Amino acid sequence: MKAVFLDLVGTLVKGKSMEPFEGAVERFNSLKSKKRICIITNNTTDTPDGLRKKLKKAGFDLDGVVLLSPLTVLKEVLKGVKGKIYCIGSDAVVSTIRDAGKEISEDAEAVVVGLDLSLTYEKLTRATNLILNGAEFIGLHSNRLFLMEPGRVGPSVGATLSFLEYATSKKPRIIGKPEKEFYRTGLYLLGVEPEDVVVVGDDPISEVNAPQSIGMRAIFVKSGKYRECPDFAKPYRIYDSFMDIDWDNL
């Protein structure tokens, strides 16, 4: 094992507050001294730079650590998108789109969907009509749930995409987890092969089945959205938390 891909919320931190689980900072910093690390997150409410600042403030040593999010990938994807963008998402998504040199408009040639905590029926209606009229349909990821805080989850981007897909009969292009290309991007950035990597996460779809489909090993932890691993996922190992993983005997 040369590298570790670590999910963020539900694995290292408790929720959107980015408060670390007890002992997570120490275990992370110790692991970083031995292995290459890529933090993988479907967070679309913070920019990658904003996330790094929050995690460093919490005590995580991120020197040499790759942080991969859908917004990292979005900048590259938008280079191939012509015209204006309609955005359902956070300020972080908006700023990423503008940083990529794209104009945001209600009359657009592409629809980008991330997590929007102020989602309205009007936004969904606007997006539906644009997609029906031929706009490109891009989803930042397809998670069903996100961990708001310990013991409380909310409907995530996948729920919004399902609404729009059902309304329009159009499938979105997904650029975050659980897409294989997302994981391949992380492999490229770390310069490792799938068989050299262990993925740790709390989502049986995004962080177990997806990476294992391209030859990575996956560890499921019970500290996040799911208290038990569903039968449809077959992880390499199961632990109560990131802090309980026995790295010397994997």
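Predicted model: local features only at pLDDT ≥ 70, side-chain atom pairs only at ≥ 80, totals over all residues.
Trainee: Is Asp203 buried or exposed?

Mentor: A residue counts as buried when its relative accessible area is under 20%, and as exposed when that area is over 50%. For Asp203 the relative accessible area is 5%, so Asp203 is buried.

Trainee: Which side chain is joined to that of Asp203 by a polar contact of 2.7 Å?

Mentor: If we leave aside the neighbours within four places in sequence, Asp203 is in contact with Asn143, Val208, Phe220 and Lys225. The polar contact of 2.7 Å joins the side chain of Asp203 to the side chain of Lys225.

Trainee: Which residues lie nearest the centre of the largest cavity?

Mentor: A search of the whole structure finds 1 cavity of 30 Å³ or more, and the largest cavity holds about 210 Å³ of space. Its lining is made up of 19 residues, and Asn143, which is also in contact with Asp203, is one of those nearest the centre.

Trainee: Which strand gives the most to the lining of the largest cavity, and how many residues does it give?

Mentor: By class, the lining has 6 nonpolar, 7 polar and 6 charged residues. The element that gives the most to this lining is strand 7, residues 145-149, and its share is 3 residues.

Trainee: Why do the buried residues of helix 7 line one face of the helix?

Mentor: Helix 7 runs over residues 180-190, and its buried residues are Phe182, Tyr183, Gly186, Leu187 and Leu190. Seen down the axis of helix 7, these residues line one face because they fall within an arc of 140°.

Trainee: Which residues are exposed on the other side of helix 7?

Mentor: The buried residues of helix 7 are covered by elements including strand 1, strand 2, strand 3, helix 3, strand 10 and helix 8. On the other side of helix 7, the exposed residues are Glu181 and Tyr188.

Trainee: What arc do the buried residues of helix 3 cover around the axis?

Mentor: Helix 3, residues 70-78, is among the elements that cover the buried residues of helix 7. The buried residues of helix 3 itself are Pro70, Leu71, Val73, Leu74, Val77 and Leu78. They are on the same side of helix 3, because around the axis they cover an arc of only 150°.

Terms used:
Residues numbered from 1 in each chain as written. Heavy atoms only, no water. Buried < 20%, exposed > 50% of the residue type's maximum accessible area, 1.4 Å probe, protein only. Helix = DSSP H or I, 4+ residues; strand = E, 2+ residues; numbered from the N terminus. Arc of directions from axis to C-beta. Contact = heavy atoms within 4.5 Å. Polar contact = N/O pair within 3.5 Å; in protein donor to acceptor, adjacent residues only side chain to side chain. 1 Å grid on protein atoms, 1.4 Å probe; cavity = no way out; pocket = protein on both sides within 12 Å on 5 of 7 lines; lining within 4 Å. Points joined across faces, edges and corners; volume = space filled by probe spheres on them. Nonpolar A, V, L, I, M, F, W, Y, C, P; charged D, E, K, R; others polar.
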